[in-house]
Amino acid sequence: MSSPRILLTGATGFLGGTVAAQLLDQKRWAQVLLLVRAPSPAEAHARLVKSLQRFEVGEKLLKKISPAQIISGGLDALPTVAEDPRLATVTHVVNCAAVTSFGQNPNTWPTNVVQTAAFARKVAEFPRLERFIHVSTAMICGATPPHVVQEDTYPAEGVRHLVGYTGSKAAAETLLRKELAGKPLVIVRPSIIVGHTRLGCKPSGSIFWGFRMADALRRVTCDLDAIVDVIPVDYAATALLHVLDATRLEHPTYHISAGRDYSSSFRQIGRAFARALGEKRATDYRRVTYQDVAALQDQFMELFGPGNKRSMLAAARLYGTFAGLNTVFDNHRLLATGVAPPPPFADYLGVCVETSRDIPIARQMMVDFE
Ligand SMILES: NC(=O)c1ccc[n+]([C@@H]2O[C@H](COP(=O)([O-])OP(=O)(O)OC[C@H]3O[C@@H](n4cnc5c(N)ncnc54)[C@H](OP(=O)(O)O)[C@@H]3O)[C@@H](O)[C@H]2O)c1
């Protein structure tokens, strides 16, 4: 490999994998170094190659991945500059690694806060560091955000988090800003990432199952004209790489989001489902209460596929709360860097439906609770 310039973490994941797949198709791939969990670089290489197949990366491109480009280990295992000479030439770092489960995963805080801070401290020692992109989440806004969230409003004290994951991401931001003061740290906050514009849910069905649940029920627990800020993963990766490469950035933090102009309402989402499924529906979704949804529990297996009724109800409640916040994340900063706006969710939802056809909703849901 040539002298590494980019260090990428989380490449076996949904967003990091999409970033890796895009970089693989670029001339600079030989300058990319990856941190991948496994006992050895050979095993990490095998994990990465297998994982990237879900992005339909061709064999020719997959062959470009060399074990010499891989540091095997987790965020806490990043060797010091002195220990691994490959890190001495790295100028740009993209940290996509995190525990993203909405369940009660005991690794959430240790990974997203403790290990992330240790990793960042090491990165701060890189002699040629020019930009360190840490991927956070727009959902650090917690349970009661305003209708339009601006980047500088969060992280804020006293925010009530719906899940431990978003609390950990908020804490990591605060810690990184403090510990890396004066370093070229840029935080990007994607909104809700669902599907891929070309591959639909093939790389991951994360969160899409929640929309499928609402559609199967023909019911939502929020206003039909409430909008939800969803972006496809390929857009998130392209925007992230654009921020990585921008010669000059005006701001330390950027939403990667649909914003007010490119978010879809539940009415539009319901109609897009109907089109994709080839159904003529006389009415839009009904707005109901959570209790109304709970009263339909006995139909869950039939509608969502085999699974635990109570888990499905709990998942529907949690994701329904997120989706129904009627909040969007302002994206003017991002668009001002020259990134094109994202396609609205309702416009690419059909490909997500198509690629989810053979997967029961209850099974697709599992990815977000591992
Ligand atoms: N997906 C979304 O809707 C969304 C929205 C906003 C923000 N984000 C942010 O985007 C980033 C990526 O999310 P994602 O959806 O791609 O998550 P994901 O699919 O769950 O992938 C997580 C990645 O992090 C790695 N990882 C986990 N713990 C690690 C550790 N201790 N050391 C090193 N690597 C570790 C995983 O590696 P293994 O394969 O070894 O487990 C995997 O590659 C996260 O920071 C997340 O907060 C995601």
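The model is predicted: local features need pLDDT of at least 70, side-chain atom pairs count only at pLDDT 80 or more, and totals for chains, interfaces and linings use all residues. Residues are numbered from 1 along each chain as its sequence is written.

Let me start with strand S2, residues 32-36. Helices (H or I, at least four residues) and strands (E, at least two) are DSSP runs, numbered from the N terminus. Five of the five residues in S2 are buried, that is, 20 or more other C-beta atoms, placed from the backbone, lie within 10 Å of their own. Val-32, Leu-34 and Val-36 point one way, Leu-33 and Leu-35 the other.

Which strands run parallel to S2? Strand S1, residues 6-9, is joined to S2 by four bridges and runs parallel to it; pairing requires that DSSP finds at least two bridges. Here Thr-9 stands opposite Leu-35. Strand S3, residues 70-72, is also parallel to S2, with three bridges, and Ile-70 of S3 faces Leu-34.

I turn to the ligand. The shell around the ligand has 25 residues, each with its C-beta atom, placed from the backbone, within 6 Å of the molecule. Thr-12, Gly-13, Gly-74, Ala-97 and Ile-193 come nearest. Helix H1, residues 14-24, gives the largest share of the shell, three residues. Helix H4 (108-124) and strand S8 (192-193) each supply at least two.

Conventions: Buried ≥ 20, exposed ≤ 12 C-beta atoms within 10 Å, placed from the backbone. Right-handed = clockwise from strand over helix to strand, strands pointing away.
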